[in-house]
Amino acid sequence: MPRKTTISHIKCDVGSLAGHHIVPKSLLNIADKNLKKAKEEGLINSYYVFNVGDDLQLLMVHENGEANSDIHKLAWDTFQEAANKALELKLYGAGQDLLKTAFSGTIRGMGPGFAEMEIEERGSDPVVALAADKTSGGAFNYPLFRIFADPMNTAGLVIDPNMAGGFKFEVLDTIENKKVVLKCPEEVYELIALVGTVQRYMISAIRRARDDLICAVGSVTRLSQIAGRYVGKDDPVIIVRAQHGLPAVGEILVPFIHSYLVEGWMRGSHWGPIMPVGLKDAKCTAFDGPPRIVALGFQIANGKIASDDNGKPMIADLFDDVAFALARREALKYASMLRRMGEFEPARLGPEEMEYTTLQQILEKLKGRFKPA
Ligand SMILES: [Mg+2]
């Protein structure tokens, strides 16, 4: 029987250095200590701790399946410990995403975002984990459509017989909390009709149509729907499998040679250009951005991330490359254009999204001053 391995990518804003800039080393150290211990105890087989801007990211590989309470508790306890340290250091937004107090078996609905995928290991299983800061789950709609449904992006859709039959997209309506599955290429126009509305409909999973092989799983949450108020953007992660009848790694990356606009950026209230960067540049500065995205490539091998001679997981920092320099330049150009507009739409998000922000308090104050026109 093929081996079953689970990839769990769980992230949380536990507090950050200098506003919403980065997770400092002392918090990353806490995560590293806890995951190292969990590995020694055999709960997980491999891990990689990193940050994208102010989000602490725990990438773990194990054999306990999805939604495993020990794995989720490990992440939850780690985030709590890091948040306590952040509090002690008076870092900004300490424990920002920890919306509940008591852990009850799963991290779902508690604030942290997670993407999990149990796979049957193939002969070789390349995986790309994409993680973004200062944006939301809808930011992945456009590239996921390009990767899995657009033959102008993914050559394999045209020339690889193993991809014939297309892919099934699970789309979440984040307002009604309902989901629908659409099959491409047959329903490609319907898919775009839905996921073009990036603030409401978000692609949560993709399967290969002919055999239901799991190809991609995203963290799709709306923190504002959990908390009932603005508590930061959801800063999504997604795990995508590549090659052998799935899009090639290069086909997963190529949509990012150009920048495009996503919601988020300053106070989660603006449209901003996504900027693909290496880990060294995964920090948010100008107007708390522009929104950054990293792509980490690795191989799953025998229940672990394939490791080097010293047992260190081998991670490819895929956007740390000159091939994405054009997108970074475009992002700066779009950023300067949008910022010139200040608080005038469409630089700022529309009224539905602003409902969850402090803008409401300002509007409330003016209410009594309105007279019939
Ligand atoms: Mg963040």
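Strands are DSSP runs of E with at least two residues, and helices are runs of H or I with at least four; both are numbered from the N terminus. Two strands pair if DSSP finds at least two bridges between them.

Strand 1 (residues 4-12) and strand 3 (residues 55-62) run antiparallel, joined by seven bridges. His9 stands opposite Leu59 in strand 3.

## Helices on the sheet

Axes are lines fitted to C-alpha atoms, for helices over the stretch in contact; angles run from 0 to 180 degrees between N-to-C directions. Residues are in contact if their C-beta atoms, placed from the backbone, lie within 7 Å.

## Helix 1 against helix 2

Two packed helices are described by the angle between their axes and the distance between the axes. Here the axes of helix 1 (residues 25-40) and helix 2 (residues 69-88) come within 9 Å and cross at roughly 150 degrees. The two helices are therefore roughly antiparallel (over 145 degrees; under 35 is roughly parallel, 65 to 115 roughly perpendicular, the rest oblique).

Ser26, Leu27, Ile30, Ala31, Asn34 and Ala38 in helix 1 meet Leu74, Thr78, Glu81, Ala82, Lys85 and Ala86 in helix 2. By class, this contact has seven nonpolar, three polar and two charged residues. Nonpolar covers Ala, Val, Leu, Ile, Met, Phe, Trp, Tyr, Cys and Pro; charged covers Asp, Glu, Lys and Arg; the others, Gly among them, are polar.

## Val262

Val262 is found in strand 11 (residues 261-264). Val262 is buried, with 27 other C-beta atoms within 10 Å (buried needs 20 or more, exposed 12 or fewer, partly exposed lies in between; C-beta atoms are placed from the backbone). Leaving out residues up to four places away in sequence, Val262 touches Thr135, Ala139, Gly272, Ile274 and Pro291. Val262 and Ile71 are 191 residues apart in sequence and 31 Å apart in space, C-alpha to C-alpha.

## Basis

Residues are numbered from 1 along each chain as its sequence is written. In this predicted model, local features need pLDDT of at least 70 and side-chain atom pairs count only at pLDDT 80 or more, while totals for chains, interfaces and linings use all residues.

Key:
Contact = placed C-beta atoms within 7 Å.
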